Amino acid sequence: MRVANRFVVSLFILHVIVMGILISRLHFFSGSRNLQDFDSYIQLVGSIRAGQNPYSTNSTATLGAPSTFLLYLPFSFLKLPSAQLTFLIINIAAGYLICLLLSKKWILLSATILFSAFVTRFSLLMGQPALLGALLVTVFLLFENQTLSVLSVVGLGILKTFFFPLGIFFLSKPKVFIQFIFFSLLITVLTFAFMKISWYEYFVRNTFIPLFSTNSCASNLDYYNQSLRSTLCRLHIAFPYLSSLVSLLFIAVAFLKKGKKLWVLAIFLFSPVLWQHYFVMLFPIYVLIFFELRKNVFSLRTAACVLSFILWYIQFPYLQIAPHTFWNGVLASHYYWAALLLFFVTARMKPRRRRDQ
């Protein structure tokens, strides 16, 4: 057997093992799943359908805007086990579609890496739509069609509220920006069919604004939140509004450089909350940058990208209960360092159109 064929067979076996373990942990063929975040959103949608404010219920909480509930509304009409299974199938299919769009030739390798990464497994186990978000990021990065780009950004904003500022990318093209505003307003109007305007006001006043204005820090390492503010808290750096100022600097760099990948990273780093499962959405950027750097394997940028990828791929479970020391804080921020390194690598590269891989 040729070496290339042996590699493909070995990779296929490895992929089957990875997916087998993942499907087993997800209880894919059992009705006894516990997708914590998905189940909570279904419960909140149930409250909405009963006319209750989802932001004032005592049972669970969300940081998402009212438009976030649009994704979960169709699932609320199914029995919970069926809703969970459908949600998982859609997300896993989205993962394979991401790899197919990025590279048909390397789909098996990229899918194995994607589904074996902790952030992907964590996203699926929690019932988060991060793979759907990564698919929308992929569409935004790969396709030149303006309407498709606008719809992908609006879709990202529905999934994760803090992606709506990515629409700033379209400011240089007024007609496209107007299109973005139109679809964003359309989504908002659609939510009025089951959401009250007062709930929007409640969300802005009690959830959205406090995320930017508060300077409080968690007493522990707050490992699952990888935002700049939480990173500064882990490092014992208490400077009011420093995170907001630095985040605006990321936006300024992206505005000057103009590349799509850089804009996604800038908005990503701008978010006041960055749960670990959000980092699935960086996978398409890693793949595209590795393709661009493959002719400069021994460059400093390639080394920085590899280090960033390692920091993105690994996870340290003990940090959930580790004492809050400076060095533990440095290590516990490895996802943020990964995104920051990727931002600097991307900022040093010239924007390119996609070529078939």
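These legends accompany several views of one predicted protein model.

**View 1**
The protein chain has 17 helices and zero strands. Helices (H or I, at least four residues) and strands (E, at least two) are DSSP runs, numbered from the N terminus. The C-alpha trace spans about 65 × 50 × 50 Å along its principal axes. Residues are numbered from 1 along each chain as its sequence is written.

**View 1. Confidence along the chain.**
The average pLDDT, the predictor's confidence in each residue from 0 to 100, is 86 for the protein chain. At least 70 is the score of 92% of the residues. Helix 7 (residues 130-142) has the highest confidence, at a mean of 96. Helix 12 (residues 242-257) has the lowest, at 77. Where pLDDT is low, the predicted coordinates should not be read in detail. Local features here need pLDDT of at least 70, and side-chain atom pairs count only at 80 or more, while totals for chains, interfaces and linings use all residues.

Trp 337 lies in helix 17 (residues 334-347). Is Trp 337 buried, exposed or partly exposed? Trp 337 is partly exposed because its relative accessible area is 25%; buried means under 20%, exposed over 50%, and partly exposed in between (1.4 Å probe, protein chains only).

**View 2. Around Trp 337.**
Setting aside neighbours within four places in sequence, Trp 337 is in contact (heavy atoms within 4.5 Å) with Thr 231, Leu 235, Leu 311 and Val 330. Ala 94 is 243 residues from Trp 337 along the chain, and their C-alpha atoms are 27 Å apart.

Definitions and conventions: Heavy atoms only, no water.
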